Amino acid sequence: MRPSSFRLVLQGLSVSRIQKFIPKEWKQSIKPVDIQSNHPPASYNYQSHELKVCTTDGEFMLEKLLTSLKEFVTQGQLLKAFKSFSLIHLHVSSPTYEVVLYPSSSLLVSCTNLKLLQPGKQLHAHIISLGFEQHPLLVPKLVTFYSTFHILDDARVVTENCNILHPLPWNLLISSFVKNDMFEEALVAYKKMVTKGIRPDNFTYPSVLKACGEKLDVDFGRMVHNSISGSYHDWNLYVHNALISMYGKFGQVDVARDIFNKMPERDDVSWNTMISCYASKSMWREAFELFGCMQAEGVKVNFITWNTIAGGCLRIGNFKGSLELLSQMKSSGINLDPVAMIIGLGACSHIGALKSGKEIHGSTIRSYCDVSENVRNAMITMYSRCKDLRHAYILFQSAEARSIITWNSILSGYTHMGQSEEASFLFQEMLHSGIEPNYVTIASILPLCARVANLQHGKEFHCYITRRKVYEDCLLLWNALVDMYARSGKVLSAKRIFDLMRKRDEVTYTSLIAGYGMQGEGQAAIQLFKEMINLQIKPDHVTMVAVLSACSHCGLVIEGQLWFEKMQSVYGIIPRLEHFSCMVDLYGRAGLLNKAKETITRMPYKPSAAMWATLLGACRIHGNTDIGEWAAEKLLELRPENSGYYVLIANMYAAAGCWSKLAKVRTSMRDLGVKKSPGCTWIDVGSIFYPFVVGDTINPYAQEIYQVLDGLTELMKYAGYVACDKFGLDGEALEEIE
């Protein structure tokens with residue numbers, strides 16, 4: 001029985017209404033006909049979908065109606081096309097292949113393209129009523145129609161109920177399942193297809209291989225690969241690209257590379273897929289080498305591969321290389337997309353490349369990418385890390401919607417710069433705006449609590465974390481708590497949290513080792529490091545800084561030398577500048593100044609100002625003015641404007657009794673216009689921190705503070721502590737020396 005919609009169209013149609021619908025130029029060229037007469041239809045060629053020219057008037061009318069339907073379909077006028085379809089059925093007494101197949105096929109395609117579900121379903125019902133639902137011309141179009149609307153159950157029913165041995169309907173169904181991430185259903189459809197005796201072709205395999213890769217179904221993936229190798233089909237580029245991708249998803253990069261190497265021809269997809277395989281396993285050296293070969297062979301690189309390689313450079317710390325690749329990408333005529341911009345901004349953040357960051361900022365504005373939240377957050381982070389908090393805050397303020405990531409970006413910037421008051425204000429503003437902090441927010445705030453010794457806030461965060469089960473296994477937060485207590489000198493509190501943690505990593509151990517080292521408990525730090533090694537937790541370069549620093553603070557020279565050697569030979573960590581700084585400090589504190597000097601002269605890095613200051617301080621303590629003067633000369637070459645370094649040099653001369661040289665230091669400071677900045681500390685008054693400088697009389701709590709200081713001085717004297725003037729001069733004493 002035909003659907004009601006078609007009955008409504010057909011009822012009440014008179015000859016005059018039909019003639020009114022036909023274009024005027026057609027009516028001039030035909031004679032009136034009896035549309036109810038049953039003339040034999042024009043013979044229909046199935047392959048070409050063309051009607052043969054007929055001589056009778058009725059057949060001529062039918063031909064014109066079919067032509068009209070075709071034109072309406074082409075123009076997207078579906079309502080008129082359906083009216084033509086109704087007239088065709090009214091014109092003939094019994095529907096045949098010739099008057100159903102081509103019109104139905106055209107209308108199905110139009111319903112699919114124009115996203116018209118109900119007319120398409122009604123047309124399907126009409127096709128079923130006519131008995132043509134399994135025709136090879138209509139089945140693929142029905143599958144495509146239902147797949148377009150994601151009604152894949154109906155698409156599956158249409159495919160499974162047809163008796164067509166051609167793989168096209170199955171290919172369409174499997175591809176639709178894969179596009180909708182229904183990988184299990186795709187593999188089930190493939191198995192049914194094979195069970196029915198339908199041979200897969202080169203259009204079947206790419207979708208099936210993708211489904212295997214996404215499902216990580218290694219065994220079935222290999223089975224499909226074997227069936228491809230044993231099939232009669234010719235070698236196909238797309239199938240082998242899909243094989244590379246599948247084995248890459250399996251993590252079998254060697255197998256993927258073997259397929260890649262044996263391919264008689266490759267396109268850009270082949271190269272890009274193989275590079276992505278290496279990137280997914282963080283095999284960046286191989287990815288970079290293959291990228292170089294790709295460029296050498298003149299293969300066009302798409303923006304995805306550019307982003308992958310630039311992102312790889314970012315991951316391994318080659319920040320300049322990442323920016324250079326993005327520059328090459330632009331030179332090759334490819335505009336930076338949001339992903340590339342985020343990569344570039346991340347690289348600028350790490351190396352403080354403010355100028356390059358501003359150039360990328362300009363690109364985001366020109367390409368309208370600055371409205372993207374992810375790009376905006378990356379720009380806020382870039383400006384923050386490049387110490388341009390003003391621009392970071394302007395971007396933050398201009399954001400219409402601020403997510404937790406936006407808040408975290410600006411908060412981490414202020415905490416990174418040590419601006420505790422601003423960070424605290426922003427955090428309170430975030431809470432008042434109704435944004436709940438997440439683990440990243442708290443992890444960025446906790447180090448600030450340790451830095452300003454404001455453990456009250458740190459303890460509040462500790463309680464906040466403990467009360468929420470969602471943070472129970474958040475290692476990042478518990479590591480931050482251990483670090484906070486350790487940096488604040490509360491090593492016992494840090495150790496209690498450490499013992500309660502169910503999972504620990506190298507960061508956990510490093511934080512506690514550093515805490516022990518700062519408290520002078522070197523042996524405890526070494527024992528903890530050995531425990532870490534026994535548990536097969538691999539140390540990183542930060543861990544080794546903590547270990548060497550602990551040895552330095554506790555005078556463990558032999559142990560320090562031993563761990564410095566093992567760092568390279570056993571753990572494969574290449575010493576960085578900070579490791580050599582620890583060794584200089586270790587030798588300097590122990591009075592081994594020649595060893596310290598030798599370390600500086602032999603290391604493969606340019607000494608930093610802090611390293612020269614460390615050596616200078618050691619020379620002051622041990623009275624070695626020869627090496628001290630050498631260090632002082634190098635130090636002032638790097639930082640001639642730093643008043644603290646002049647005081648350090650003056651203290652060395654004062655300790656050695658070289659008063660004439662000390663006077664020269666004062667003269668140099670005066671000539672260069674260098675002034676000694678007053679010492680500053682933070683005083684905790686209730687819930688607020690106040691800065692307090694030497695000789696401060698402006699502070700509203702100055703009188704109370706001086707009373708406390710006088711009391712502390714008396715307590716120190718009573719405890720037996722005696723002020724030592726041997727090693728230094730304060731700022732006032734230095735100014736008096738001419």
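In which helix is the place of Leu323? Leu323 belongs to helix 19, residues 319-331, in a predicted model whose local features need pLDDT of at least 70 and whose side-chain atom pairs count only at pLDDT 80 or more, while totals for chains, interfaces and linings use all residues. Residues are numbered from 1 along each chain as its sequence is written, and side-chain values use heavy atoms, leaving out hydrogens and water. The protein has 41 helices and four strands; these are DSSP runs numbered from the N terminus, with helices being H or I of at least four residues and strands being E of at least two.

**Overall build**

- Of the 738 residues in the protein, 45% are buried, where buried means under 20% relative accessible area, exposed means over 50%, and partly exposed lies in between (1.4 Å probe, protein chains only).
- The protein exposes about 38,800 Å², and carbon and sulfur atoms supply 54% of that area; accessible areas come from the Shrake-Rupley method with a 1.4 Å probe, and for residues only the protein chains shown count as cover.
- Counting contacts between residues at least 6 apart in sequence, 59% join residues at least 24 apart, a contact being heavy atoms within 4.5 Å.

**Surroundings of Leu323**

- Leu323 counts as buried because its relative accessibility is 17%.
- Not counting residues up to four places away in sequence, Leu323 touches Gly344, Ala347, Cys348, Ile351, Ser356 and Ile360.
- Leu323 and Ala353 are 30 residues apart along the chain, and their C-alpha atoms are separated by 9.9 Å.

**Nonpolar core**

- In soluble globular proteins, nonpolar side chains tend to be buried together.
- The largest nonpolar core here has 186 residues, and those with the most contacts inside it are Leu209, Val224, Met274, Trp563 and Leu615.
- Helix 28 (residues 475-487) gives the most to this core, with nine residues.
- A nonpolar core is a set of buried Ala, Val, Leu, Ile, Met, Phe, Trp, Tyr and Cys residues joined through side-chain atoms within 4.5 Å.
- Met274 touches Ile244, Val253, Ala256, Arg257, Phe260 and Leu290, with residues up to four places away in sequence not counted.

**Helix 36**

- Helix 36 covers residues 609-622, and at 1.5 Å a residue its 14 residues should span 20 Å, which agrees with the 20 Å between its end C-alpha atoms; the expected span is 1.5 Å times one less than the number of residues.
- This helix is mostly covered, with 10 of its 14 residues buried.
- The buried residues of helix 36 include Met611, Trp612, Leu615, Cys619 and Arg620.
- Just after helix 36, Gly623 takes a positive phi of about 70°.

**Aromatic pairs**

- The whole structure holds 17 aromatic pairs; rings of Phe, Tyr and Trp (its six-membered ring) pair if their centres lie within 6.5 Å, and planes under 30 degrees apart count as stacked, over 60 as edge-to-face and the rest as tilted.
- Phe396 and Trp407 form an edge-to-face pair, with 4.9 Å centre to centre and 75° between the planes.
- This pair links distant parts of the chain, 11 residues apart: Phe396 is in helix 23 (residues 389-398) and Trp407 in helix 24 (residues 404-416).
- Phe396 and Trp407 are both buried.
- Trp612 and Trp630 are edge-to-face because their ring centres are 4.9 Å apart and their planes stand at 85°.
- Trp612 lies in helix 36 and Trp630 in helix 37 (residues 625-638), so this pair ties together parts that are 18 residues apart in sequence.
- Trp612 is buried, with a relative accessible area of 5%.
- Phe145, Tyr146 and Phe149 form one aromatic cluster.

**Cysteines**

- The structure holds zero disulfides, a disulfide being a pair of cysteine sulfur atoms within 2.5 Å.
- For Cys582, the closest cysteine sulfur is in Cys551 at 9.4 Å, which is too far for a bond.
- Cys582 counts as buried because its relative accessibility is 10%, whereas Cys463 is partly exposed at 41%.

**Loop residues with positive phi**

- Ser282 is a residue other than glycine with a positive phi near 55°, and its place is in the loop between helix 16 (268-280) and helix 17 (284-296).
- With a relative accessible area of 40%, Ser282 is partly exposed.
- Lys387, although not a glycine, has a positive phi of about 65° and lies in the loop between helix 22 (373-385) and helix 23.
- Lys387 is exposed, with a relative accessible area of 62%.
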